[in-house]
Amino acid sequence: MPVEFKKNICSNKKSLFFKTGKHNFSSINLLLKMKVIVFALENLTLTGGNLYDSLLYRTMKQNQDLSITFYKPKVHKGGFAFKKFITPFLELKWLKKVNQADNFFWNSVDAYHCFLLVFVLRVFFPKKKVFILHHHYKFLEMKGVKRTVFRFFEVNFLRMANTIVIPSPYILDQTKKLLPSNKVSYLEIAFQDKNNAGRSSVNKGQMVFVGNIEPRKGLHLLVESLRLLKKENVAFQVNILGSVIDTNYYNDLVQKVKEYDLHANVIFHGRVSDEQKDSFLSTSELCVFPSLLEGYGMAIIEAMSFGLPVIAFDNSAMPYSIKNGYNGLLAKNEDIQNLKDKIKQTLVDSTLSEKLSNGAFETFSKCRKLPVLIQEMKEFTMELNR
């Protein structure tokens, strides 16, 4: 610490002591702490990515040398397009908070509405550091002009970061291609260790899907493949566990289920408790995960912890977790016929199902466990003080 700075601190200590008495030590500690602003809610639990972010923020809060404040950017999801258009300008209101912190955290989902805020911060306050948590490239969900426009915002938003925090090997590989010169902190996702029992109480033909109900999860393609499967007189039931994110999409799914006479085969349970979810996972024969885009797909590994083979499309992060013929099967991307074939193959071939189940258990046993990630997060937070 520079001598002049030490003198100033000592002077401040003396002043604080005489002015505030017994409260001086807390005031001094606050003065010395590295100040961090996080543009997010403190505790998020809706998705696996939310849980990861919340774990990082909790770990940061445990560092006594950091003072952390949370602010939530306002996102206009509905209403007039004009409101969405001016959101990046409205977010500039947070500039008055800039002098109150040294480090700033965002999630890359904020790319559009916080783009101007981060741009101004990087241009006019270059010594302050920007960290962006990045779970997946959202522009890949889009099509046409919308995809081009959001790609610009998302990639350049990430480019402005001093450090991009990445939790998955797939996104790490993608980022190396798109942003090769950016500094990255790779804190790979990990899982809580479990000692789940074997599959002695499996209900024949029972399948489970765990995830939010939105177009990206590909449930419309699953319903189409199940329509084909029912025509082949295969007995099955799919339990869909997850929150409704897109109401119109959910209503369309329900209508299709009725139209195809699948109401006894496809059951929407909504968001369930952890205990209920574990019960479905422990009694299912396999997990179906028809997602069209994942940065990691934590639900895949969670299903494998119960010995469930996973059937998914061969896209994005899926091949990083699912090894075809070892712990699950990969169908051709968006091919409902091939998805139906893979599901049927697993349900009717008990030898294959047992092989895939053993591979799933083994995959989970070898995956990263939570204590390792927490230690890495602690080391990361210590670096914020340097």
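Modeller: With 48% relative accessibility, E334 counts as partly exposed, a class that lies between buried, under 20% relative accessible area, and exposed, over 50% (1.4 Å probe, protein chains only). The model is predicted, so local features need a pLDDT of at least 70 and side-chain atom pairs count only at pLDDT 80 or more, whereas totals for chains, interfaces and linings use all residues. Residues are numbered from 1 along each chain as its sequence is written, and side-chain values use heavy atoms, with hydrogens and water left out.

E334 sits in the loop between β12 (328–331) and α13 (336–348); helices (H or I, at least four residues) and strands (E, at least two) are DSSP runs, numbered from the N terminus. Although E334 is not a glycine, its phi is positive, at about 65 degrees.

N233, likewise not a glycine, has a positive phi of about 60 degrees and lies in the loop between α8 and β8 (237–241). Because its relative accessibility is 73%, N233 counts as exposed. Among the buried residues of α8 are L219, L222, E224 and L229.

Elsewhere, six strands form an open sheet with parallel pairing, in the order β2-β1-β3-β4-β5-β6, where two strands pair if DSSP finds at least two bridges between them. Since β2 (66–71) and β6 (184–186) stand at the edges with a single partner strand each, one side of each is left without a neighbour in the sheet. From one strand to the next, the twist averages 20 degrees. Three bridges join β5 (residues 163–166) to β6 in the parallel sense, and I166 has Y186 of β6 as its bridge partner. Helix α3 (residues 48–62) packs on this sheet, touching β1, β2, β3, β4 and β5, and its direction makes about 145 degrees with that of β2; contact means heavy atoms within 4.5 Å, while axes are lines fitted to C-alpha atoms, for helices over the stretch in contact, with angles from 0 to 180 degrees between N-to-C directions.

As for confidence, the chain averages a pLDDT of 89, and 88% of the residues score at least 70, on the predictor's scale from 0 to 100 for each residue. Over residues 1–23, pLDDT stays under 50. Where pLDDT is low, the predicted coordinates should not be read in detail.
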